[in-house]
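Here is a model to go through by question and answer. Each reply sets a value against its cut-off.

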Amino acid sequence: MALRNVLLLLALVSLCNGLEIADRWNILNPERRAPLLGGASLKNYCESWRLNVELNNIRGFEVVPQECISYIGKYMTSTQYKTDSQRAIEQCHLHLTSCCTLRGDGKDAWIFDVDDTLLSTVPYFKIHGFGGEKLNVTSLEAWMRKTKAPALEHTLKLFHEILGKGIKIFLISSRRECVRDATVDNLIKEGYHGWSGLTLRGLDDEYKGVRNYKAEARRRLVEEEGYRIWGIVSDQWSSFDGGPAAERTFKLPNSLYYVS
C-alpha cells in the first residue's frame, strides 16, 4: 500500500512538471501568473503590447509598462529577438536580388539607421531598466562615448553585401553631432566602413521631430543630389515616415523605446 502511494505521488509530480513545461512561453518563459480581465494572462498582455509597438499601433510611449519590464528585457536578450532581426534582414537580401536596376552612375543609395540597426544599445538598457526608466540623454550619450556598442551581426553582413553591389550607403541617425567622433570610432571598430555619408542632428535640428529631420535628410539626397533610394533599414518607424520614400523599408524589432 505504501509503495502504491509513493508511485501515485511520483506520477502526480511528473504530470505537474509536464504541465508546467507545456505552459512555458516559448519566447520569454515567464512564471505562470494569475489571469487578467478577459482571461488573458500577464504574459499575454505584455507580448500583445510588444507586438503592437512593432505594428506601430502603440506610439509615443516614454517607458515600458512597469509590469512588462522583465518580459521586454527577456525578449531583447533572447534568441527570439536575434531570430526576428535575422528574418527581417533576410527580406533585405531577397529584395536585393530583384529590386535594383543599377545604372552604374554612382547614384544608387541605401539608408541605415545606427542605434539598434547597426549598433546595439541593449547593453545600455540592460543596466537601465530595459526601457522602464525614462530615457536620460546625458547618460545614454556618456555610454555612447565609450564606443562599446556591439554590432548587429546580420546587419553587418547586409551592410557589406550592399557595398559589394556598388550601392552607396548613407547613415541617418537621431544621434547628435556631439557624439560624432565616438559614433565613427564605434562603427569602424565593429567592422562598418565605406559609407558615403553620416548625418547626425545638429543644433538646427534640435527642435525638429525625428521623422521630419530624417525626411529632410532623404530629401537632400534625392532632390539635391539625385540619389535613388532602394531601401531603408531601421528599428524606428520615424525613419520611414514622410517623403521621399524608398523602394522598400525594413523594420527591425525594438520595444525598448520609441523615437518620433
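**Rings and burial**

Q: Why is Tyr227 called buried?
A: The model is predicted. Tyr227 has a relative accessible area of 9%. Buried means under 20%, so Tyr227 is buried.

Q: What makes the pair of Phe170 and Tyr227 edge-to-face?
A: Their planes are 70° apart. Planes over 60 degrees apart count as edge-to-face, so the term applies. The centres lie 4.9 Å apart, and the limit for a pair is 6.5 Å. Phe170 sits in strand E2, while Tyr227 is in the loop between helix H9 and strand E4. They are 57 residues apart in the chain.

Q: How do you know that Phe170 is buried?
A: Its relative accessibility is 7%. The cut-off is under 20%, so Phe170 counts as buried. Phe170 and Tyr227 both belong to a core of 12 residues.

Q: Why does Lys107 count as lying over the face of Tyr227?
A: Lys107 is at 4.5 Å from the ring centre. The distance limit is 6 Å, and the position must also be within 35 degrees of the ring normal. Lys107 is listed as lying over the face.

Q: Why is the pair of Trp110 and Phe250 called stacked?
A: The angle between the planes is 10°. The centres are 6.1 Å apart. Trp110 lies in strand E1 and Phe250 in strand E5, 140 residues apart.

Q: What makes Trp110 and Phe250 buried?
A: Trp110 has a relative accessible area of 0%. Phe250 has 4%. Buried means under 20%, so both residues are buried.

Definitions and conventions
Residues are numbered from 1 along each chain as its sequence is written. This is a predicted model: local features need pLDDT of at least 70, side-chain atom pairs count only at pLDDT 80 or more; totals for chains, interfaces and linings use all residues. Side-chain values use heavy atoms; hydrogens and water are left out. A nonpolar core is a set of buried Ala, Val, Leu, Ile, Met, Phe, Trp, Tyr and Cys residues joined through side-chain atoms within 4.5 Å. Buried means under 20% relative accessible area, exposed over 50%, partly exposed in between (1.4 Å probe, protein chains only). Rings of Phe, Tyr and Trp (its six-membered ring) pair if their centres lie within 6.5 Å; planes under 30 degrees apart count as stacked, over 60 as edge-to-face and the rest as tilted. Helices (H or I, at least four residues) and strands (E, at least two) are DSSP runs, numbered from the N terminus.
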